[in-house]
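Q: Could you walk me through this structure, starting with one residue and then widening out?

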Amino acid sequence: MIVGLVGLAAGVALLAAAWLTPRRGAGARLITGPALWLDLAPFATVFILLAAITGRPIFAGVVVFALGVGFAIADRAMRETLHEPVVFQAMSELPQVFTHPNLYLPFAGTGLVLGGALGLAAVAFALLVLMPPAWTPEPLFGLAAAAAVGLIYWRLGNAPLLVRVAERFRRLDLGDDPVTDAQRLGPFTMLAAHCAIARDERPARQAALRPRAAGSIGVGLRRSPIVAVQCESFFDARRLSPLIPSEVLSAFAECCRSSALHGGLFVPGWGANTMRAEFAFLTGIAESELGYDRFNPYYQLARTPIASHVWRLREAGYRTICLHPFDRRFFRRDLVMPQLGFDRFLGHDELAATKRPPYQPDTDLARQILRVLDEEGPETFIFVITMGNHGPWLEPPISAFFDPATVPQGASLLRYLDGLRQSDEMLRLLMDGLADRYPDPVLALYGDHLPSLPRAFEHFGFTELHSDYVIWPDSGAGTRRLDLPVHLLGQALVDVALHGREATQAAQAAQ
(Lines give C-alpha, C1' and ligand atoms only; values in the text may rest on other atoms or scores of the structure.)
Protein backbone atom coordinates (compact mmCIF):
# COMPACT_ATOMS: atom_id res chain seq x y z
CA MET A 1 0.00 0.00 0.00
CA ILE A 2 2.76 2.41 1.03
CA VAL A 3 4.80 1.48 -2.04
CA GLY A 4 1.79 2.20 -4.22
CA LEU A 5 1.22 5.60 -2.61
CA VAL A 6 4.89 6.50 -2.99
CA GLY A 7 4.79 5.47 -6.65
CA LEU A 8 1.61 7.46 -7.21
CA ALA A 9 3.12 10.53 -5.54
CA ALA A 10 6.24 10.24 -7.71
CA GLY A 11 4.11 9.84 -10.83
CA VAL A 12 1.99 12.87 -9.97
CA ALA A 13 5.16 14.89 -9.35
CA LEU A 14 6.41 13.94 -12.81
CA LEU A 15 3.00 14.84 -14.23
CA ALA A 16 3.23 18.29 -12.63
CA ALA A 17 6.76 18.78 -13.97
CA ALA A 18 5.62 17.70 -17.44
CA TRP A 19 2.87 20.31 -17.41
CA LEU A 20 4.87 23.15 -15.87
CA THR A 21 7.94 22.80 -18.10
CA PRO A 22 6.29 24.03 -21.33
CA ARG A 23 4.29 26.59 -19.37
CA ARG A 24 7.52 28.06 -18.03
CA GLY A 25 8.93 28.25 -21.55
CA ALA A 26 5.80 30.07 -22.69
CA GLY A 27 5.88 32.48 -19.74
CA ALA A 28 2.36 31.40 -18.81
CA ARG A 29 0.79 32.78 -15.66
CA LEU A 30 -0.80 30.49 -13.07
CA ILE A 31 -4.36 31.75 -13.39
CA THR A 32 -7.47 30.03 -12.06
CA GLY A 33 -10.48 28.92 -14.01
CA PRO A 34 -11.30 26.65 -16.95
CA ALA A 35 -8.27 27.75 -18.99
CA LEU A 36 -5.91 26.37 -16.33
CA TRP A 37 -7.63 22.98 -16.14
CA LEU A 38 -7.87 22.71 -19.89
CA ASP A 39 -4.14 23.36 -20.13
CA LEU A 40 -3.49 20.49 -17.71
CA ALA A 41 -6.01 18.10 -19.26
CA PRO A 42 -3.85 16.53 -22.03
CA PHE A 43 -1.11 15.53 -19.58
CA ALA A 44 -3.52 14.35 -16.92
CA THR A 45 -5.48 12.27 -19.42
CA VAL A 46 -2.40 10.49 -20.77
CA PHE A 47 -1.08 9.92 -17.24
CA ILE A 48 -4.32 8.42 -15.96
CA LEU A 49 -4.73 6.14 -18.97
CA LEU A 50 -1.14 4.86 -18.89
CA ALA A 51 -1.26 4.37 -15.12
CA ALA A 52 -4.50 2.40 -15.41
CA ILE A 53 -3.26 0.24 -18.29
CA THR A 54 0.15 -0.61 -16.77
CA GLY A 55 -0.42 -0.18 -13.03
CA ARG A 56 2.87 1.73 -12.92
CA PRO A 57 2.38 5.43 -12.11
CA ILE A 58 6.11 6.21 -12.25
CA PHE A 59 6.28 4.78 -15.77
CA ALA A 60 3.25 6.87 -16.74
CA GLY A 61 4.86 9.94 -15.18
CA VAL A 62 8.13 9.41 -17.07
CA VAL A 63 6.28 9.08 -20.39
CA VAL A 64 4.24 12.22 -19.74
CA PHE A 65 7.35 14.07 -18.59
CA ALA A 66 9.12 13.08 -21.81
CA LEU A 67 6.19 14.45 -23.82
CA GLY A 68 6.25 17.70 -21.87
CA VAL A 69 9.99 18.16 -22.27
CA GLY A 70 9.77 17.29 -25.96
CA PHE A 71 7.07 19.89 -26.49
CA ALA A 72 9.09 22.47 -24.55
CA ILE A 73 12.19 21.82 -26.70
CA ALA A 74 10.16 22.16 -29.91
CA ASP A 75 8.48 25.32 -28.62
CA ARG A 76 11.80 26.89 -27.65
CA ALA A 77 13.34 26.01 -31.01
CA MET A 78 10.41 27.58 -32.86
CA ARG A 79 10.55 30.73 -30.76
CA GLU A 80 14.27 31.10 -31.43
CA THR A 81 14.27 30.26 -35.13
CA LEU A 82 10.79 31.40 -36.24
CA HIS A 83 9.89 34.07 -33.66
CA GLU A 84 6.68 32.28 -32.72
CA PRO A 85 5.60 29.33 -30.53
CA VAL A 86 4.18 26.00 -31.58
CA VAL A 87 0.80 26.60 -33.24
CA PHE A 88 -1.89 24.00 -33.69
CA GLN A 89 -1.11 23.32 -37.36
CA ALA A 90 2.45 22.37 -36.37
CA MET A 91 1.10 19.08 -35.05
CA SER A 92 0.34 18.08 -38.64
CA GLU A 93 4.04 18.43 -39.44
CA LEU A 94 5.11 15.88 -36.82
CA PRO A 95 5.34 13.01 -39.35
CA GLN A 96 7.65 15.19 -41.46
CA VAL A 97 10.15 15.26 -38.60
CA PHE A 98 10.68 11.56 -39.33
CA THR A 99 10.38 11.68 -43.13
CA HIS A 100 12.51 14.84 -43.53
CA PRO A 101 14.61 15.12 -40.35
CA ASN A 102 17.18 17.34 -42.06
CA LEU A 103 14.64 20.17 -42.13
CA TYR A 104 13.78 19.99 -38.43
CA LEU A 105 16.21 18.31 -36.06
CA PRO A 106 19.26 20.56 -36.59
CA PHE A 107 17.32 23.62 -35.42
CA ALA A 108 16.47 21.96 -32.11
CA GLY A 109 19.83 20.17 -31.86
CA THR A 110 20.02 16.75 -33.46
CA GLY A 111 22.16 15.28 -30.67
CA LEU A 112 19.92 16.68 -27.96
CA VAL A 113 16.73 15.39 -29.59
CA LEU A 114 17.97 11.92 -30.50
CA GLY A 115 20.02 11.43 -27.35
CA GLY A 116 17.21 12.61 -25.10
CA ALA A 117 14.62 10.47 -26.89
CA LEU A 118 16.76 7.34 -26.67
CA GLY A 119 17.62 7.99 -23.03
CA LEU A 120 14.03 8.52 -21.96
CA ALA A 121 12.89 5.51 -23.98
CA ALA A 122 15.47 3.36 -22.19
CA VAL A 123 14.38 4.63 -18.77
CA ALA A 124 10.70 4.08 -19.57
CA PHE A 125 11.36 0.56 -20.86
CA ALA A 126 13.37 -0.30 -17.76
CA LEU A 127 10.60 0.97 -15.49
CA LEU A 128 8.01 -1.00 -17.41
CA VAL A 129 9.97 -4.23 -17.29
CA LEU A 130 11.75 -4.08 -13.94
CA MET A 131 9.41 -2.16 -11.64
CA PRO A 132 6.52 -4.16 -10.19
CA PRO A 133 3.05 -2.66 -10.61
CA ALA A 134 1.75 -0.47 -7.78
CA TRP A 135 -1.73 -1.92 -8.33
CA THR A 136 -3.37 -4.45 -10.60
CA PRO A 137 -3.11 -3.29 -14.20
CA GLU A 138 -6.43 -2.73 -15.96
CA PRO A 139 -5.54 -2.78 -19.68
CA LEU A 140 -9.09 -3.38 -20.89
CA PHE A 141 -10.46 -0.57 -18.74
CA GLY A 142 -7.66 1.75 -19.85
CA LEU A 143 -8.15 0.99 -23.54
CA ALA A 144 -11.92 1.44 -23.21
CA ALA A 145 -11.34 4.77 -21.46
CA ALA A 146 -8.91 5.82 -24.22
CA ALA A 147 -11.53 4.98 -26.83
CA ALA A 148 -14.11 7.01 -24.90
CA VAL A 149 -11.75 9.99 -24.74
CA GLY A 150 -11.17 9.71 -28.48
CA LEU A 151 -14.91 9.58 -29.14
CA ILE A 152 -15.52 12.65 -26.96
CA TYR A 153 -12.76 14.54 -28.75
CA TRP A 154 -14.23 13.57 -32.14
CA ARG A 155 -17.73 14.65 -31.10
CA LEU A 156 -16.53 17.99 -29.73
CA GLY A 157 -14.63 18.64 -32.96
CA ASN A 158 -17.66 18.23 -35.22
CA ALA A 159 -20.97 19.98 -35.65
CA PRO A 160 -23.19 20.72 -33.83
CA LEU A 161 -21.04 20.61 -30.67
CA LEU A 162 -18.12 22.33 -32.41
CA VAL A 163 -20.12 25.57 -32.68
CA ARG A 164 -20.68 25.58 -28.90
CA VAL A 165 -17.07 24.68 -28.14
CA ALA A 166 -15.75 27.45 -30.38
CA GLU A 167 -18.13 29.96 -28.80
CA ARG A 168 -16.89 29.00 -25.33
CA PHE A 169 -13.32 29.57 -26.43
CA ARG A 170 -14.17 32.97 -27.91
CA ARG A 171 -15.29 34.07 -24.45
CA LEU A 172 -11.67 33.76 -23.34
CA ASP A 173 -11.03 37.03 -25.20
CA LEU A 174 -8.35 35.59 -27.46
CA GLY A 175 -6.08 37.82 -29.47
CA ASP A 176 -4.32 37.40 -32.80
CA ASP A 177 -0.89 36.64 -31.33
CA PRO A 178 -0.20 33.04 -30.20
CA VAL A 179 2.67 34.26 -28.00
CA THR A 180 0.33 36.46 -25.97
CA ASP A 181 -2.44 33.86 -25.89
CA ALA A 182 0.00 31.21 -24.62
CA GLN A 183 1.15 33.56 -21.86
CA ARG A 184 -2.39 34.38 -20.76
CA LEU A 185 -4.02 30.97 -21.09
CA GLY A 186 -1.21 28.43 -21.26
CA PRO A 187 0.20 26.83 -24.41
CA PHE A 188 -2.25 23.93 -24.59
CA THR A 189 -5.36 26.00 -23.97
CA MET A 190 -4.11 28.33 -26.70
CA LEU A 191 -3.66 25.41 -29.10
CA ALA A 192 -7.11 23.98 -28.35
CA ALA A 193 -8.82 27.37 -28.66
CA HIS A 194 -7.16 28.32 -31.94
CA CYS A 195 -7.83 24.87 -33.41
CA ALA A 196 -11.53 24.84 -32.44
CA ILE A 197 -12.21 28.38 -33.66
CA ALA A 198 -10.38 27.81 -36.95
CA ARG A 199 -12.26 24.58 -37.53
CA ASP A 200 -15.59 26.25 -36.78
CA GLU A 201 -14.91 29.16 -39.16
CA ARG A 202 -13.32 27.17 -41.97
CA PRO A 203 -16.38 25.97 -43.95
CA ALA A 204 -17.78 29.49 -44.33
CA ARG A 205 -14.35 30.83 -45.23
CA GLN A 206 -13.81 28.12 -47.84
CA ALA A 207 -17.20 28.90 -49.39
CA ALA A 208 -16.36 32.60 -49.56
CA LEU A 209 -12.98 31.94 -51.17
CA ARG A 210 -14.12 29.56 -53.90
CA PRO A 211 -13.04 30.47 -57.46
CA ARG A 212 -15.44 32.58 -59.47
CA ALA A 213 -15.50 33.65 -63.10
CA ALA A 214 -12.78 36.21 -63.80
CA GLY A 215 -14.93 38.19 -66.23
CA SER A 216 -12.91 40.49 -68.49
CA ILE A 217 -9.44 39.21 -67.62
CA GLY A 218 -8.92 38.16 -71.24
CA VAL A 219 -9.36 41.66 -72.72
CA GLY A 220 -6.17 43.23 -74.08
CA LEU A 221 -3.85 40.42 -73.09
CA ARG A 222 -0.24 40.47 -74.26
CA ARG A 223 0.06 36.66 -73.90
CA SER A 224 3.48 36.97 -72.30
CA PRO A 225 5.09 33.87 -70.82
CA ILE A 226 5.13 34.35 -67.04
CA VAL A 227 7.71 32.84 -64.69
CA ALA A 228 7.46 33.50 -60.94
CA VAL A 229 10.23 32.21 -58.68
CA GLN A 230 9.68 31.94 -54.95
CA CYS A 231 13.32 31.85 -53.91
CA GLU A 232 14.10 30.10 -50.65
CA SER A 233 15.25 32.50 -47.89
CA PHE A 234 16.11 35.17 -50.46
CA PHE A 235 16.69 38.78 -49.48
CA ASP A 236 19.08 41.51 -50.52
CA ALA A 237 21.88 40.59 -48.10
CA ARG A 238 23.71 43.78 -48.96
CA ARG A 239 21.31 45.36 -46.48
CA LEU A 240 22.85 43.26 -43.72
CA SER A 241 26.38 44.66 -43.58
CA PRO A 242 29.05 46.41 -45.67
CA LEU A 243 30.99 43.16 -45.30
CA ILE A 244 28.71 41.60 -47.90
CA PRO A 245 30.19 42.42 -51.33
CA SER A 246 27.92 43.71 -54.06
CA GLU A 247 28.94 40.97 -56.51
CA VAL A 248 27.01 38.41 -54.43
CA LEU A 249 23.84 39.84 -56.00
CA SER A 250 25.12 41.37 -59.21
CA ALA A 251 22.35 39.84 -61.36
CA PHE A 252 19.67 40.94 -58.90
CA ALA A 253 21.03 44.50 -58.96
CA GLU A 254 21.04 44.48 -62.77
CA CYS A 255 17.53 43.01 -62.82
CA CYS A 256 16.24 45.75 -60.51
CA ARG A 257 17.78 48.47 -62.67
CA SER A 258 15.89 47.19 -65.72
CA SER A 259 12.73 46.06 -63.94
CA ALA A 260 9.14 47.19 -64.07
CA LEU A 261 8.87 47.04 -60.28
CA HIS A 262 11.15 46.10 -57.42
CA GLY A 263 11.34 46.75 -53.70
CA GLY A 264 10.87 45.37 -50.23
CA LEU A 265 8.35 42.59 -49.70
CA PHE A 266 6.45 42.28 -46.45
CA VAL A 267 5.97 38.58 -45.74
CA PRO A 268 3.97 36.87 -42.98
CA GLY A 269 6.71 34.57 -41.68
CA TRP A 270 10.27 34.79 -40.40
CA GLY A 271 12.84 32.05 -40.87
CA ALA A 272 10.43 29.43 -42.27
CA ASN A 273 6.75 28.73 -42.99
CA THR A 274 7.15 29.17 -46.72
CA MET A 275 3.54 28.22 -47.35
CA ARG A 276 2.27 31.49 -45.85
CA ALA A 277 4.00 33.75 -48.39
CA GLU A 278 3.30 31.19 -51.11
CA PHE A 279 -0.44 31.13 -50.47
CA ALA A 280 -0.62 34.93 -50.23
CA PHE A 281 1.28 35.41 -53.49
CA LEU A 282 -0.80 32.88 -55.42
CA THR A 283 -4.20 33.94 -54.11
CA GLY A 284 -3.89 37.64 -53.30
CA ILE A 285 -5.55 36.95 -49.94
CA ALA A 286 -4.19 38.89 -46.96
CA GLU A 287 -3.49 36.84 -43.85
CA SER A 288 -5.90 39.08 -41.91
CA GLU A 289 -8.72 37.36 -43.86
CA LEU A 290 -7.73 33.84 -42.80
CA GLY A 291 -8.28 33.83 -39.04
CA TYR A 292 -6.15 31.24 -37.28
CA ASP A 293 -5.78 29.30 -40.53
CA ARG A 294 -3.20 31.93 -41.50
CA PHE A 295 -0.51 29.97 -39.63
CA ASN A 296 -0.71 27.26 -42.29
CA PRO A 297 -3.41 27.74 -44.95
CA TYR A 298 -2.32 24.47 -46.56
CA TYR A 299 -3.23 22.47 -43.44
CA GLN A 300 -6.96 22.30 -44.19
CA LEU A 301 -8.19 25.58 -45.68
CA ALA A 302 -6.75 25.05 -49.18
CA ARG A 303 -7.91 21.45 -49.48
CA THR A 304 -10.89 22.75 -51.48
CA PRO A 305 -10.71 25.04 -54.56
CA ILE A 306 -9.53 28.54 -53.59
CA ALA A 307 -9.75 31.61 -55.80
CA SER A 308 -6.29 32.51 -57.07
CA HIS A 309 -4.34 34.26 -59.80
CA VAL A 310 -3.56 30.77 -61.08
CA TRP A 311 -7.24 30.05 -61.78
CA ARG A 312 -7.60 33.45 -63.46
CA LEU A 313 -4.63 32.87 -65.74
CA ARG A 314 -5.86 29.38 -66.51
CA GLU A 315 -9.26 30.81 -67.46
CA ALA A 316 -7.47 33.30 -69.71
CA GLY A 317 -5.89 30.42 -71.64
CA TYR A 318 -2.58 29.93 -69.84
CA ARG A 319 -1.09 26.58 -68.99
CA THR A 320 -0.34 26.67 -65.26
CA ILE A 321 2.59 24.62 -63.96
CA CYS A 322 4.27 24.44 -60.54
CA LEU A 323 7.88 23.25 -60.16
CA HIS A 324 9.31 22.22 -56.79
CA PRO A 325 12.51 20.11 -56.65
CA PHE A 326 11.44 18.38 -53.45
CA ASP A 327 8.84 15.99 -52.09
CA ARG A 328 5.47 16.91 -53.63
CA ARG A 329 3.76 15.75 -50.42
CA PHE A 330 5.63 18.19 -48.18
CA PHE A 331 3.05 20.59 -46.67
CA ARG A 332 0.67 18.38 -48.74
CA ARG A 333 1.26 20.54 -51.77
CA ASP A 334 0.27 17.49 -53.82
CA LEU A 335 -3.30 18.07 -52.56
CA VAL A 336 -3.21 21.87 -52.48
CA MET A 337 -1.70 22.87 -55.82
CA PRO A 338 -4.57 21.45 -57.93
CA GLN A 339 -7.01 23.33 -55.67
CA LEU A 340 -5.12 26.55 -56.39
CA GLY A 341 -5.49 26.01 -60.14
CA PHE A 342 -2.32 24.32 -61.36
CA ASP A 343 -2.60 21.99 -64.36
CA ARG A 344 0.66 20.21 -63.47
CA PHE A 345 2.85 19.95 -60.40
CA LEU A 346 6.38 18.66 -61.00
CA GLY A 347 8.31 17.44 -57.95
CA HIS A 348 11.71 15.94 -57.27
CA ASP A 349 11.08 12.82 -59.36
CA GLU A 350 10.27 14.76 -62.53
CA LEU A 351 13.06 17.30 -61.93
CA ALA A 352 15.77 14.75 -61.09
CA ALA A 353 16.23 16.39 -57.68
CA THR A 354 16.96 14.96 -54.24
CA LYS A 355 14.93 15.08 -51.04
CA ARG A 356 18.09 15.25 -48.95
CA PRO A 357 20.74 17.95 -48.81
CA PRO A 358 22.51 19.16 -50.77
CA TYR A 359 19.31 20.05 -52.60
CA GLN A 360 19.12 20.79 -56.31
CA PRO A 361 21.18 23.92 -57.00
CA ASP A 362 19.19 26.89 -58.18
CA THR A 363 21.30 27.08 -61.34
CA ASP A 364 20.24 23.56 -62.33
CA LEU A 365 16.64 24.45 -61.57
CA ALA A 366 16.86 27.47 -63.90
CA ARG A 367 17.69 25.14 -66.80
CA GLN A 368 14.73 22.93 -65.86
CA ILE A 369 12.43 25.96 -65.90
CA LEU A 370 13.54 26.93 -69.39
CA ARG A 371 13.19 23.33 -70.58
CA VAL A 372 9.60 23.13 -69.32
CA LEU A 373 8.80 26.47 -70.91
CA ASP A 374 10.22 25.25 -74.23
CA GLU A 375 7.94 22.22 -74.03
CA GLU A 376 4.81 24.13 -73.08
CA GLY A 377 5.09 27.28 -75.21
CA PRO A 378 4.68 31.00 -74.47
CA GLU A 379 1.14 30.98 -73.05
CA THR A 380 2.41 29.39 -69.86
CA PHE A 381 2.56 30.47 -66.23
CA ILE A 382 5.32 28.69 -64.32
CA PHE A 383 5.52 29.03 -60.55
CA VAL A 384 8.76 27.80 -59.00
CA ILE A 385 9.48 26.95 -55.36
CA THR A 386 13.24 26.62 -54.94
CA MET A 387 15.10 24.48 -52.39
CA GLY A 388 18.75 25.16 -53.20
CA ASN A 389 19.37 27.59 -50.33
CA HIS A 390 17.23 25.94 -47.68
CA GLY A 391 18.66 25.88 -44.17
CA PRO A 392 20.15 24.75 -41.95
CA TRP A 393 23.41 25.86 -43.56
CA LEU A 394 25.77 23.25 -42.13
CA GLU A 395 28.17 22.55 -45.01
CA PRO A 396 31.57 24.29 -44.95
CA PRO A 397 31.39 27.65 -46.75
CA ILE A 398 33.15 28.16 -50.06
CA SER A 399 33.70 31.91 -49.80
CA ALA A 400 34.98 33.92 -46.84
CA PHE A 401 34.02 37.60 -46.86
CA PHE A 402 34.83 37.81 -43.16
CA ASP A 403 36.33 35.64 -40.44
CA PRO A 404 33.44 33.37 -39.40
CA ALA A 405 34.87 33.15 -35.88
CA THR A 406 34.12 36.85 -35.38
CA VAL A 407 30.41 36.58 -36.18
CA PRO A 408 27.84 34.39 -34.34
CA GLN A 409 26.59 31.79 -36.80
CA GLY A 410 29.36 33.11 -39.06
CA ALA A 411 30.00 29.84 -40.90
CA SER A 412 26.26 29.35 -41.51
CA LEU A 413 25.95 32.91 -42.79
CA LEU A 414 28.83 32.40 -45.22
CA ARG A 415 27.28 29.14 -46.45
CA TYR A 416 23.97 30.95 -46.88
CA LEU A 417 25.72 33.63 -48.96
CA ASP A 418 27.20 30.88 -51.16
CA GLY A 419 23.64 29.71 -51.80
CA LEU A 420 22.49 33.26 -52.37
CA ARG A 421 25.12 33.66 -55.06
CA GLN A 422 23.72 30.56 -56.80
CA SER A 423 20.21 32.05 -56.57
CA ASP A 424 21.59 35.18 -58.19
CA GLU A 425 23.12 33.11 -61.00
CA MET A 426 19.74 31.39 -61.46
CA LEU A 427 18.20 34.82 -61.97
CA ARG A 428 20.79 35.69 -64.60
CA LEU A 429 20.22 32.42 -66.45
CA LEU A 430 16.47 33.03 -66.49
CA MET A 431 16.81 36.64 -67.68
CA ASP A 432 19.14 35.63 -70.52
CA GLY A 433 17.15 32.51 -71.42
CA LEU A 434 13.81 34.29 -71.51
CA ALA A 435 15.17 37.25 -73.46
CA ASP A 436 16.64 34.89 -76.06
CA ARG A 437 13.35 33.04 -76.50
CA TYR A 438 10.58 35.62 -76.35
CA PRO A 439 10.12 39.33 -77.15
CA ASP A 440 8.01 40.11 -74.08
CA PRO A 441 8.59 37.61 -71.23
CA VAL A 442 7.77 38.50 -67.65
CA LEU A 443 9.84 37.22 -64.74
CA ALA A 444 9.33 37.71 -61.01
CA LEU A 445 11.59 36.62 -58.18
CA TYR A 446 10.89 37.12 -54.48
CA GLY A 447 12.00 35.83 -51.12
CA ASP A 448 9.52 33.79 -49.09
CA HIS A 449 11.08 34.87 -45.78
CA LEU A 450 14.39 35.88 -44.25
CA PRO A 451 16.86 33.11 -43.38
CA SER A 452 16.79 31.86 -39.81
CA LEU A 453 20.12 33.31 -38.68
CA PRO A 454 18.99 35.22 -35.59
CA ARG A 455 22.33 35.49 -33.81
CA ALA A 456 24.13 36.72 -36.94
CA PHE A 457 21.42 39.31 -37.56
CA GLU A 458 21.61 40.45 -33.94
CA HIS A 459 25.39 40.83 -34.25
CA PHE A 460 24.95 43.23 -37.17
CA GLY A 461 22.03 45.05 -35.53
CA PHE A 462 19.77 43.97 -38.38
CA THR A 463 16.11 44.14 -37.35
CA GLU A 464 14.32 44.40 -40.69
CA LEU A 465 11.68 41.75 -41.35
CA HIS A 466 10.95 42.09 -45.06
CA SER A 467 12.45 40.19 -47.97
CA ASP A 468 12.84 41.61 -51.52
CA TYR A 469 11.24 41.16 -54.93
CA VAL A 470 11.66 42.17 -58.57
CA ILE A 471 9.36 42.04 -61.62
CA TRP A 472 11.35 42.17 -64.85
CA PRO A 473 11.69 43.67 -67.45
CA ASP A 474 10.78 47.34 -67.70
CA SER A 475 7.59 47.44 -69.77
CA GLY A 476 8.15 50.93 -71.13
CA ALA A 477 7.10 53.07 -68.17
CA GLY A 478 10.52 52.99 -66.52
CA THR A 479 11.58 51.11 -63.42
CA ARG A 480 10.05 51.93 -60.08
CA ARG A 481 10.73 50.97 -56.48
CA LEU A 482 7.49 50.00 -54.75
CA ASP A 483 7.39 48.21 -51.40
CA LEU A 484 4.52 45.72 -51.28
CA PRO A 485 2.90 43.15 -49.01
CA VAL A 486 3.26 39.73 -50.57
CA HIS A 487 -0.49 39.31 -51.11
CA LEU A 488 -0.40 42.21 -53.58
CA LEU A 489 2.66 40.99 -55.48
CA GLY A 490 0.83 38.30 -57.47
CA GLN A 491 -1.68 40.82 -58.80
CA ALA A 492 1.13 43.23 -59.68
CA LEU A 493 2.86 40.45 -61.65
CA VAL A 494 -0.31 39.48 -63.51
CA ASP A 495 -1.05 43.12 -64.33
CA VAL A 496 2.45 43.70 -65.70
CA ALA A 497 2.30 40.49 -67.71
CA LEU A 498 -1.13 41.10 -69.21
CA HIS A 499 -1.22 44.86 -69.54
CA GLY A 500 2.42 45.92 -69.60
CA ARG A 501 3.14 49.64 -69.44
CA GLU A 502 -0.35 50.56 -68.29
CA ALA A 503 -0.07 48.27 -65.26
CA THR A 504 3.27 49.76 -64.22
CA GLN A 505 1.90 53.28 -64.51
CA ALA A 506 -1.15 52.27 -62.45
CA ALA A 507 1.08 50.81 -59.74
CA GLN A 508 3.11 54.01 -59.67
CA ALA A 509 -0.04 56.09 -59.36
CA ALA A 510 -1.32 53.87 -56.53
CA GLN A 511 1.86 54.46 -54.56
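**Around one threonine**

A: Leaving aside residues up to four places away in sequence, T320 touches V310, R314, G341, F342, D343, R344 and F381, where contact means heavy atoms within 4.5 Å. This is a predicted model, in which local features need pLDDT of at least 70 and side-chain atom pairs count only at pLDDT 80 or more, while totals for chains, interfaces and linings use all residues. Residues are numbered from 1 along each chain as its sequence is written, and side-chain values use heavy atoms, with hydrogens and water left out.

Q: Is T320 buried or exposed?
A: T320 is buried, with a relative accessible area of 0%; buried means under 20% relative accessible area, exposed over 50%, and partly exposed in between, using a 1.4 Å probe and protein chains only.

Q: Where is T320 placed?
A: T320 belongs to strand β3, which covers residues 319–323; helices (H or I, at least four residues) and strands (E, at least two) are DSSP runs, numbered from the N terminus.

Q: Which backbone oxygen lies 2.8 Å from a polar atom of the T320 side chain?
A: The backbone oxygen is that of G341, and G341 is also among the residues that T320 touches.

Q: Switching to the loops, what is there to know about R332?
A: R332 lies in the loop between β3 and α14 (333–339), and R332 has a positive phi of about 55° although it is not a glycine. Its relative accessibility is 32%, so R332 counts as partly exposed.

Q: And Q409, buried or exposed?
A: Q409 counts as buried because its relative accessibility is 19%. Q409 sits in the loop between β5 (380–385) and α16 (410–437), and its phi is also positive, near 60°, in a residue other than glycine.

Q: Zooming out, how many helices and strands are in the chain?
A: The chain has 19 helices and eight strands. Its radius of gyration is 26 Å, close to the 24 Å that the globule rule gives for 511 residues, so the chain is as compact as a globular protein of that length; the radius is taken over C-alpha atoms, and the rule is 2.2 Å times the number of residues to the power 0.38.

Terms used
Polar contact = N/O pair within 3.5 Å; in protein donor to acceptor, adjacent residues only side chain to side chain.
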